[in-house]
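Colleague: I am new to this structure and would like to learn how to read it. Could we go through it feature by feature?

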Amino acid sequence: MVEPVDELSDAQSGRATARKQRRRSGHICQVVHGLTVGGAERLAATLGRFASARHRVSFVCLDELGELGGVLRHDGYRVEVLDRGAGVSLSCARRLSRYFRDESVDLAHAHQYTPFFYSLAARGPRRGPPVIFTEHGRWHPDYPRRKRMLFNRIFLSKRDRLVGVGEAVRQALIVNEGLPAQRVEVIYNGVDLSRFDFVEGRRQRARAALGLGPEQLAILQVARLDHLKDHGTALKTMRRVVNELPDARLLLVGDGPERGAIESMIGELNLAPQVRLLGTRHDIPELLAAADLFLLTSISEGIPLTLIEAQAAGRPVVSTAVGGVAEIVPPAHAMLAPAGDDAELARHVLELARHPAQRAQMAEQGRERARAMFSEEQMLASYERMYSELLT
């Protein structure tokens, strides 16, 4: 939920943002499915805000505005919603083409494949703004699609830039999308590491707010309630854990279409005392401070921001070894298991619960890796160089 702000300062802020946007040359349009609270959407919003210091910035949502879209409008940014509808929509491509033309868009930054497809279709194979395509993750199952390969080959321009958020994602773009290997580069996702610095008393306050006792094992999972995140495996893992540690607690942060199914499964497994659905939260640093370890049970991932945040906060990770997870938390720094293997995941959780020294060692390794590879500053500098090159 967006925090309330003073109405006068809100209006002044919006007008000031609009005036600044008009003064800047070079219009960058961030094209997304929607601006809900998710990893790709958060990065698109962060990139847009950062770029607005030097360029005019707007956002186009193919499908829905979302909570982040509302916040961006509140802050004075132009956010257009195209209401794409089901299937391939030629009218959506035409509306996006008109937007590019009427708003004099100089560069489109498409996040994920569908926005990339519509950006190329709106632009055409030869005319219109260059397109940056950032692939944040892959659908499951992932396999070559010949029609998409042909479309990519015809519509991709020499000016366009292709980015995978990790090496596993880069390889998927090459193998399954047929994109030229020499043109696909890696820019790792990054987060504002300072938000997760140690703050005196933060852990005690956060645990008290959640009603956690000093000795209770708190396991945190932050993920959209979507089938790709496989919360069912998280619940089965927890069922095994509470057989040995009945006071353990699993905190599930996020919302989405699977909420009803997850609630039903919690009841079926008799986990209501041990599992809490916290919904969408904006205090992730506090929740990580309260937790003893971080759990991720996805069947498909790119470079999940939540794992980077967990490492930055010094929380040991138990995760499925899918997508780019091992690029963030290599096996030497985390406890990894195959997708769907709740027995192995539970074994890892119990091992860490019993060995606090091992948790402390993994925490320090995670902090060092986050600082070295996944800072927001590094990510933003890489994209700004790309923006400047394409707008020059």
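This is a predicted model: local features need pLDDT of at least 70, side-chain atom pairs count only at pLDDT 80 or more; totals for chains, interfaces and linings use all residues.

Colleague: Which residues of helix 6 are buried?

Modeller: First the general idea: an α-helix has 3.6 residues a turn, so residues three or four places apart point the same way. In helix 6, residues 146-155, the buried ones are Met149, Phe151, Asn152 and Phe155. Down the axis of helix 6 they fall within an arc of 165°, so they line one face of the helix; the arc is that of the directions from the helix axis to the C-beta atoms.

Colleague: What do the buried residues of helix 6 pack against?

Modeller: They pack against helix 5 (113-123) and helix 7 (167-177). Contact means heavy atoms within 4.5 Å.

Colleague: How should I read a sheet, and in what order do the seven strands lie?

Modeller: Two strands pair if DSSP finds at least two bridges between them. Seven strands form an open, parallel sheet in the order 3-2-1-4-5-6-7. Its edge strands, strand 3 (78-81) and strand 7 (184-186), each pair on one side only. The twist averages 25° from one strand to the next. Angles run from 0 to 180 degrees between N-to-C directions, and axes are lines fitted to C-alpha atoms, for helices over the stretch in contact.

Colleague: What links strand 1 to strand 2, and which helix lies across them?

Modeller: Strand 1 (residues 27-34) and strand 2 (residues 56-64) pair in the parallel sense over seven bridges. Glutamine 30 stands opposite phenylalanine 59 in strand 2. Helix 2 (residues 39-51) lies across strand 1, strand 2 and strand 4 (107-111), at about 165° to strand 1.

Colleague: In what order do the strands of the six-stranded sheet lie?

Modeller: The order is 10-9-8-11-12-13, again an open sheet with parallel pairing. Strand 10 (275-279) and strand 13 (335-337) are the edge strands, each pairing on one side only. Strand 9 (residues 249-253) pairs with strand 10 over four bridges, and leucine 252 has leucine 277 of strand 10 as its bridge partner. Helix 9 (residues 231-244) packs on this sheet, and its direction makes about 165° with that of strand 9. Helix 14 (residues 342-354) packs on the sheet too, at about 170° to strand 13.

Colleague: Where is threonine 280, and what does it touch?

Modeller: Threonine 280 is in the loop between strand 10 and helix 11 (284-290). At 37% relative accessibility, this threonine counts as partly exposed. Threonine 280 touches Val37, Glu67, Gly254 and Asp255, not counting residues up to four places away in sequence.

Colleague: How many helices and strands does the chain have?

Modeller: The chain has 16 helices and 13 strands. Buried residues make up 54% of its 392 residues.

How values were computed:
Residues are numbered from 1 along each chain as its sequence is written. Side-chain values use heavy atoms; hydrogens and water are left out. Helices (H or I, at least four residues) and strands (E, at least two) are DSSP runs, numbered from the N terminus. Buried means under 20% relative accessible area, exposed over 50%, partly exposed in between (1.4 Å probe, protein chains only).
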